[in-house]
Amino acid sequence: MTATVAVFTRDLRIHDNPVLTAAHRRGSAVVPLFVLDDTILASSYATANKAAFLAAALTELDDELRRRGGRLIVRRGKFVTEVLRLVDELSVTEVHIAADVSTYSQRREQRLRRRLAEHRCALHVHPGTITVAEPGNIAPHGGDHFAVFTPYYRRWLDTPIRNVLRAPVTLTVPDSHSEHIPDAGDLCSGVASSRLSMGGETTGRRLLKRWLNTTVDHYDERHDDLAADATSRLSAYLHFGCLSPVEIVHRAGQSTTGRKSFVRQLAWRDFHHQVLAARPEAARVDYRTRHDHWHHGGPMLDAWRDGRTGYPIVDAGMRQLAAEGWMHNRARLITASFLAKTLYLDWRLGAAHFMSLLVDGDVANNQLNWQWVAGTGTDTRPNRVLNPVRQAQRYDPAGDYVRRWVPELANMRGPDIHTPWKQPELAPDYPPRVVDHLDAARQFKAARAHRGPTKK
């Protein structure tokens, strides 16, 4: 029996999975392997929310494999060591894994390739597993990546994508020791957000079907409506690879304006991955420095984290994040702009807090979206400041989103809820504003105007 290994990383699915498909075709038996990587579990990436979602996703992946006669093999330890141990146990000659862009995944791939070669085992890395377009395949003439989204998007639309791969009908998995499917507590200490949504491939496919059959055609009109909550909520399933972005693009199509707008968000996801692939340091340092002298903490940072800034739309977003481990995208923009450009706090502080709670937080999308908002990334208008009151009046005009998350303001009706400092007697338990946003915006723009030239 010739066994191959399909190593699952951020592709926890059997449908449209190039890694599993290739391993299944190349061997008479396949080992579906997931390694509980001690390095990741000891890092700041391992949060209670991600641990809870991962445990559910692994359970559903194991269920899908068992329906086809297989099962998930789980090992715990150093990633490369555990893969090599399995290779030696079963005399494996091929290992398959998804391509990824983070610094850690790149180094992991290099170490694994080098060590497998010592064991006369080949490593096959599969693009088009985590993203639609492979980072690096779309690039401007003479460059390694696009720094502006619109030209990237035009090329992205014109780039053919692979066909959707069918899930294996049956699987033969050789006998091998496996750890139990972990509970969240096995992976991380701490308590997950109280309203966290969890699942895996089975749940994700059900949600995708419902989304495509009901709401997607109105996505362009309603995706910024905070109270309507009319977004797909598929981001965590994409982050963990429970859903394939390639399959979503095929199934969504672009027959309506809403579907085009939805697919465009997947292009944004690919855009950030190709930026990070070309500039891995952008996870930590400014993509384009503005020579900012950021503030680095204190009471205003605590107020922002706790949802006690005195700006209802900001506080509603931060409280949703704490409760759900997820935040509406428009609220992400508002809260991030408030931290970086109203409070003038270092964007890395905000990015770290988001990563500590977001179940869908990954390095490419989280860090580069934060840089975009902070004006240190790829935004062509780096000095734009989102006025929290105007944003609230536009995207939550009746105040229903704020009322949902800020119960201290329940007595305030209509748009007045967005300016409680004008009627403090109606909200005695709500905190005063930490700053005047108009004064802060002027100070931010003045500070930017006195900095040195922009460097890339």
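Q: Let's start with Arg-233: is this residue buried, partly exposed or exposed?
A: Keep in mind that we're looking at a predicted model. Partly exposed covers the range between the buried cut-off, under 20%, and the exposed cut-off, over 50%. Arg-233 has a relative accessibility of 28%, so it counts as partly exposed.

Q: Where is Arg-233 in the chain?
A: Look in the loop that links helix H9 (219-222) and helix H10 (235-239). Check its backbone too: Arg-233 isn't a glycine, yet its phi is positive, about 55°.

Q: Which loop holds Arg-120, and what is its phi?
A: Go to the loop between helix H5 (103-118) and strand E5 (122-126). Phi of Arg-120 is near 55°, again a positive value in a residue other than glycine.

Q: Is Arg-120 buried or exposed?
A: Use the cut-off again: exposed means over 50%. Arg-120 has a relative accessible area of 79%, so it is exposed.

Q: Now for helices: how do H12 and H17 lie relative to each other?
A: The idea is to look at the angle between the axes, where 65 to 115 degrees counts as roughly perpendicular. Here the axes of H12 (residues 257-278) and H17 (residues 363-374) cross at roughly 90° and come within 9 Å. H12 and H17 are therefore roughly perpendicular.

Q: Which residues of H12 and H17 meet?
A: On the H12 side you'll find Trp-268, Arg-269, His-272, His-273, Val-275 and Leu-276. Their partners in H17 are Val-363, Ala-364, Asn-365, Leu-368, Asn-369 and Trp-372. Sorted by class, this contact of H12 with H17 has seven nonpolar, four polar and one charged residues.

Terms used. Residues numbered from 1 in each chain as written. Predicted model: local features only at pLDDT ≥ 70, side-chain atom pairs only at ≥ 80, totals over all residues. Heavy atoms only, no water. Helix = DSSP H or I, 4+ residues; strand = E, 2+ residues; numbered from the N terminus. Buried < 20%, exposed > 50% of the residue type's maximum accessible area, 1.4 Å probe, protein only. Axes fitted to C-alpha atoms, helices over the stretch in contact; angles between N-to-C directions. Parallel < 35°, antiparallel > 145°, perpendicular 65-115°, else oblique. Contact = heavy atoms within 4.5 Å. Nonpolar A, V, L, I, M, F, W, Y, C, P; charged D, E, K, R; others polar.
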